[in-house]
Amino acid sequence: MAEEGVHVLAGQAEIGAELGALIAAKAKEAISSRGVFTIAVSGGSTTKIFCQDMVKRADVGWEKWRVFMADERLVPLDQEDCNYKGYKDALVGSVPLAAEHIYPINPSLSVEAAAEDYTQKLKQVFSEDTPVFDVVLLGMGPDGHTASLFPGHKLLQEKTLLVAPISDSPKPPPNRVTLTFKVLNNARCAVFVCTGEGKAANVKNVLEGNEENLLPAALVQPLDGELHWYLDSTAASQLSSQ
């Protein structure tokens with residue numbers, strides 16, 4: 001089991017292998033303890049890095065997995081920039097994960113109704129008032145955003161909602177739904193995957209900065225769980241420890 005902290009690897013393949021080992025261990029532990037493994041996943045390059053390794057792993061109890069989106073664009077489910085599509089296409093049929101155990105948003109609803117509908121989907125799986133995910137798998141944008149929680153946005157202060165609508169995303173498309181920090185910080189394990197030189201300055205900012213106005217990624221601090229950062233050498237290039 002990887003120790004909590006910052007893990008710097010040569011590239012995406014190496015990150016995928018280490019991340020896969022961590023996720024596999026967490027899945028086995030959760031299924032053994034609670035009979036189910038719950039994970040919230042992110043899009044972008046994280047999808048490819050995660051799926052390319054995980055499809056090789058047969059012994060992780062796929063039938064017991066429940067997969068939610070950490071955030072999602074309000075786009076049709078067959079559209080290429082739909083996070084759900086990326087995971088469904090990569091996993092269903094390649095591993096014994098049932099399609100109905102990957103939970104999409106309903107893009108036919110308004111963004112507010114889609115967020116409420118996704119909240120109800122969470123409540124079908126979680127008995128707690130605030131879901132306790134076994135793992136939340138996150139990325140960080142060049143601006144320091146994570147999920148669809150953007151710098152300076154009012155959602156950074158959201159304390160009540162589990163799933164929030166956003167209709168003014170600074171990154172298109174404007175309409176999205178996102179898990180809030182209330183859920184992200186209630187996870188047993190939060191994992192960031194971050195690659196590329198374009199992320200290096202904000203990786204340093206998040207991991208070594210002491211600024212008052214923290215970037216969204218820096219606000220992911222599990223209350224009673226682990227926090228891991230998996231970085232390639234370029235994303236880690238400005239860290240003082242490198």
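This is a predicted model: local features need pLDDT of at least 70, side-chain atom pairs count only at pLDDT 80 or more; totals for chains, interfaces and linings use all residues.
Residues are numbered from 1 along each chain as its sequence is written, and side-chain values use heavy atoms, with hydrogens and water left out.

**Aromatic pairs.** I found 10 aromatic pairs in the structure. Rings of Phe, Tyr and Trp (its six-membered ring) pair if their centres lie within 6.5 Å; planes under 30 degrees apart count as stacked, over 60 as edge-to-face and the rest as tilted. For Phe68 and Phe126 the ring centres are 6.1 Å apart and the planes stand at 45°, so I recorded this pair as tilted. Because Phe68 belongs to strand 3 (residues 65-69) and Phe126 to the loop between helix 4 (111-125) and strand 6 (135-138), the pair ties together parts that are 58 residues apart in sequence. Helices (H or I, at least four residues) and strands (E, at least two) are DSSP runs, numbered from the N terminus. Phe68 is buried too, at 0% relative accessibility. I also noted a cluster in which ring pairs link Phe37, Phe50, Trp62, Trp65 and Tyr87.

**Nonpolar core.** Which residues touch the most other members of the largest nonpolar core? Among its 80 residues, they are Leu19, Ile23, Ile39, Phe50, Trp65, Phe133 and Trp229. Helix 1 (residues 12-34) gives the most to this core, with 7 residues. Such a core is a set of buried Ala, Val, Leu, Ile, Met, Phe, Trp, Tyr and Cys residues joined through side-chain atoms within 4.5 Å. In soluble globular proteins, nonpolar side chains tend to be buried together. I then followed Phe50, whose contacts (heavy atoms within 4.5 Å) include Leu19, Ile23, Trp65 and Leu137, not counting residues up to four places away in sequence.

**Strand 6.** I found both faces covered: Val135 and Leu137 on one side and Val136 and Leu138 on the other are all buried. In a regular strand the side chains alternate between the two faces of the sheet. Two strands pair if DSSP finds at least two bridges between them. Strand 6 pairs with strand 2 (residues 37-41) in the parallel sense over 2 bridges, and Ala40 stands opposite Val136. Strand 6 also runs parallel to strand 9 (residues 189-194), joined by 3 bridges; here Leu137 stands opposite Val191.

Methods: Buried means under 20% relative accessible area, exposed over 50%, partly exposed in between (1.4 Å probe, protein chains only).
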